[in-house]
Amino acid sequence: MSAVVQELRSVPTIPVVLTHWQSARHVLLLESPRRDRRGRYSFFMADPVELFEQSSPKYGVDPFAALRARAAQWATPAIEELPPFQGGFAGLLGYELGGCWERLPSPTRDEQQIPCLLVGLYDWVIAWDHEQQRCWIISQGIPETEPVQRTALAHDRLHQVLTRLQTPLDTLDPSPSVLSPPSVTSNFSPEQYLNAVDQVIEYIRRGDLFQANLSQQLRADWPSTPLELYLRLRFHNPAPFAGYLRHDDWAVLSSSPERFLELRHEEHGPAGPPRLVRTRPIKGTRQRRANPLEELLTHDELRESQKDQAENVMIVDLLRNDLSRVCEPGSLAVPELCTLELFETVSHLVSEVQGRLRTNADFWSLVAAAFPGGSITGAPKIRAMGIIQELEQVARGPYCGSLFYHSVDGTSD
C-alpha cells in the first residue's frame, strides 16, 4: 500500500506547527533551520501509535530487537520525489545506550532520569523540502494491516492533522528576543575541572588513549517553557540538525552541526534496501569573527593547525574501524578530509567517511557498530568512554546521544 499524501499549498512555518501541537503527546521535530546543502529537510510528528522505551542499558541485550521486528512488519517502499522520512521510527538514543554493547562503568549519578532509548512509531509526518519551499502531510495508516482499512485510517489521520493545522492561532513573534542569561552552575568546580583535564593528559602520557572528549554539565533555572526556549535557540543559533523532543515532564532541545550516521539508497545502485552509509565527524573549532580579515586569518589558523588536523584524522580512523564491522570489505572511502565548514557562530573541520552496508546488516546493526559517535568520546573509543565516566561521574543522557529517524523504506538519519 502507498501512503496517503497531501501537499500543503500554504506552507506552514515550523513555529506555527509547534504551537498547534504544544499540548500533544510525544512531540518530535527534526529540523534544519540553517538552510544549506545538508539542511534541506525538516520533519514534525506527534502522537505515535507505539512507544518503545528503555530506562538504562543492559549489557549483552539487543535494545533494538523489538524495533527491528516492527520495522520489518511495516516496511513500505518510499514515494519518490518526497522528503526521505515518510513515517516510521524516530526518537532519542541516549549516550549511555553504548553500555548495551560494551562493558562500561555505570554513572555515579543520573539526575535527569531520562531513558537511554525512547522511540516512537509514527504513522504520519509533516515534511518540508526547504530547497523547493514545499510541504506535505504523509500518512501511512499504521497499525492497520488490511489494505482497505489501512487506507481509510491513513485518510482519517491526515484529515485530523489538516484540521488541527487550520485551527486559528494567536499571532507568534517570529524573532524571539534573548532573555537575560540565567545563573549557570557546573557539576565541576573550576579546580575539579582542571584536575580532570590533568588526569586526561596523564592517561595520554601513559599510553591509555590519544584523546578524550571531557565535558561538564551546566545547570540553570529558566523562566520560560521548553517550546519558548527552543524557538529562541533555533532563531539565534540555526543549525543543520536541530531537534525538539517533548515527552512527559521533560524535553530535549538540540542545535547540532553534526551528522552522525546516514543510510541512503545509492544514486545508481541496485534496487532494494538502502546501502550507502555516511558519517561526517567534526573535530577542530574556531569562533566566527565579525571582521572579514580576522575571519580569514582564523580560517587559515584552523586549516593549518596540526593539533586539530590530528584529532580529526584520529576520529576518521576510528569511524572507519567502526563501519568496517558492518560494511562491505573495500567499500570504505574518505571523500572529504578536514574540510572547513562555516556555521552560525563557529567554524569547524569536517570529514566524511562512506561505506556500503553488507546485505546481512541493517540500520540497527549499523548503529550498534558505531554508537556513540567517536567525535564525542575520543580514541580509542572504549577506553576513552571508561575514562570519561570515571572523571565526569554524572550520566550524559541525551547529551552526546542522537536524535534519529528510520523511515518505512529503511532510509535513516
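Reader: Which residue in β3 does L28 stand opposite?

Author: This is a predicted model, in which local features need pLDDT of at least 70 and side-chain atom pairs count only at pLDDT 80 or more, while totals for chains, interfaces and linings use all residues. Residues are numbered from 1 along each chain as its sequence is written, and side-chain values use heavy atoms, with hydrogens and water left out. Strands are DSSP runs (E, at least two residues), as helices are (H or I, at least four), numbered from the N terminus, and two strands pair if DSSP finds at least two bridges between them. Here L28 stands opposite M45 in β3, and strand β2 (residues 27-31) runs antiparallel to β3, joined to it by 3 bridges.

Reader: With which strand does β3 pair over 4 bridges, and how many of the 5 residues of β3 are buried?

Author: The partner over those 4 bridges is strand β7 (residues 124-129), again in the antiparallel sense, with F44 opposite I126. Buried means under 20% relative accessible area, exposed over 50%, and partly exposed in between (1.4 Å probe, protein chains only); in β3 (residues 41-45), 4 of the 5 residues are buried.

Reader: Is V334 buried or partly exposed?

Author: V334, which has its place in strand β17 (residues 333-342), is partly exposed because its relative accessible area is 34%.

Reader: Which side chain does a polar contact of 2.9 Å join to that of D208?

Author: A polar contact is a pair of N or O atoms within 3.5 Å; within protein, one must be able to donate a hydrogen and the other to accept it, and residues adjacent in sequence count only if both atoms are side-chain atoms. For D208, in the loop between α4 (190-206) and β10 (211-212), the partner is the side chain of R383.
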